[in-house]
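Subject: Structure handover

Hi,

Here is the structure we talked about. Please open it alongside this note; my findings follow below.

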Protein chains: 2
Amino acid sequence: MQLITIPARRGKAARVRAGQRVRVVNTHGTQVVDTWAFGADDVTEWMAMDASRAWFTKLRPAVGDTFLTNRRRRILTLIEDTSGGVHDTLMACCDPQRYGLLGVEGHHDNCRDNLHAALAELDVTIPATPSPLNLFMNIPWTADGQLAWGEPISTPGSHVVLRAEMDLVIAFSACPQDILPINGRTGHTTEAHFALE
Amino acid sequence: MQLITIPARRGKAARVRAGQRVRVVNTHGTQVVDTWAFGADDVTEWMAMDASRAWFTKLRPAVGDTFLTNRRRRILTLIEDTSGGVHDTLMACCDPQRYGLLGVEGHHDNCRDNLHAALAELDVTIPATPSPLNLFMNIPWTADGQLAWGEPISTPGSHVVLRAEMDLVIAFSACPQDILPINGRTGHTTEAHFALE
């Protein structure tokens, strides 16, 4: 199994064939990995969190759940998860404007730019930025619907496995968020890894 | 106040200036109204549920909460709500493929087509279908994240008021969903109304 690095604060994309499995390893245990998938033949078809929630009728996926595209086709199934099962489908990926709202002046690394840069390495361009599947991200909710920015519960080396249900392009960003505690309270963002099986 | 009809199972759009208020009336009380907003000057900027949840950190908005665009700018604020405050930000709008998954053969009215048709009446075209704000839609959640298709709790004639924070195009669809109980268990879908104040 060849591990591919998602560099700290950067993105990485790869082409995946239907039936292949994508293992995503939270190498240091506290790193959120924003994840997107696009149809290989038509990248305007993408994994859609709103269509997926309507399909598995949960706020967060569990082993056995399948994500749908914006055309309601099966694209990825979560088939293995040793991370504790805490992932997020609710929050937009971070972007330059988000850091502006958080008080950052000037440049800040961000998942949106990482996504588009990772895709550009494969000569893929997309017309919008879909909502990500935020692997290992801990966004708890209360009975009255309040959300919070939690710390990851995943342990170092824990992983998920996603099975590709169509030929697709997968893209990851090792989230550079170091202001909110979603990558742990140290503000230390790290690399993560994935493998195609 | 001139009430404009959102016909049963159809869409309707309008141009709104910054500072204007948009009153949305649930005329018969059981009708979900899918709602979208787009920047008047650049319709690739739209109200984004994922960016909005990250801003007000709730699963559903309450009076005083402001929705953000996919560029994290303020676009609409919920300033009045007599409907009981149960709205949805989680579910994709219905589309032809969704009805296919629900076992419908052939045509079924749907919010996605209603959105694009309503915008076309204003000569507006958009490159994708954003996640809607589903006014009056009751999607309850449990502590472990299970979602369900609830019936509306709003009463006939109850309403919300949204204040425009920029010049925008607003679009509505009186949701034609008659298989799931989100418009009530009768399967009777109705018109709704709105007014610009």
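First, a convention on residue classes: Ala, Val, Leu, Ile, Met, Phe, Trp, Tyr, Cys and Pro count as nonpolar. Asp, Glu, Lys and Arg count as charged, and the others, Gly among them, as polar.

By those classes, the lining of the largest pocket holds 22 nonpolar, twelve polar and twelve charged residues. Please keep in mind that this is a predicted model.

Confidence

The model scores ipTM 0.97 and pTM 0.97. Chain A has a mean pLDDT of 97. In that chain, 100% of the residues reach 70 or more.

The largest pocket

The interface

The size of an interface is often given as the accessible area lost when the parts come together. Here, chain A and chain B bury about 2800 Å² between them. Carbon and sulfur atoms account for 57% of that area. A:Asp50, A:Thr57 and A:Arg72 supply 22% of the area that chain A buries against chain B, more than any other three residues. In terms of contacts, 34 residues of chain A touch 34 residues of chain B.

Salt bridges

The rule finds two salt bridges across the interface of chain A and chain B. A:Arg72 also forms a salt bridge with B:Asp95, with the closest N and O atoms 3.1 Å apart. Over all chains, the structure holds 32 salt bridges. One of them, within chain A, joins A:Arg21 and A:Glu80, whose closest N and O atoms are 3.7 Å apart. A:Arg21 lies in strand S3 (residues 21-26) and A:Glu80 in strand S6 (residues 74-81), so the pair ties together parts of chain A that are 59 residues apart in sequence.

Backbone points to check

Most residues other than glycine have a negative phi. A:Arg9 has a positive phi of about 65 degrees, although it is not a glycine. A:Arg9 is found in the loop between strand S1 (4-6) and strand S2 (11-16) of chain A. B:Arg72 has a positive phi too, near 65 degrees. B:Arg72 lies in the loop between strand S5 (66-68) and strand S6 (74-81) of chain B.

Best wishes

Notes. Residues numbered from 1 in each chain as written. Chains lettered and ligands numbered in written order. Predicted model: local features only at pLDDT ≥ 70, side-chain atom pairs only at ≥ 80, totals over all residues. Heavy atoms only, no water. pLDDT = per-residue confidence, 0-100. Contact = heavy atoms within 4.5 Å. Buried area = accessible area lost by both parts, 1.4 Å probe. Salt bridge = Lys/Arg side-chain N within 4 Å of Asp/Glu carboxyl O. Helix = DSSP H or I, 4+ residues; strand = E, 2+ residues; numbered from the N terminus.
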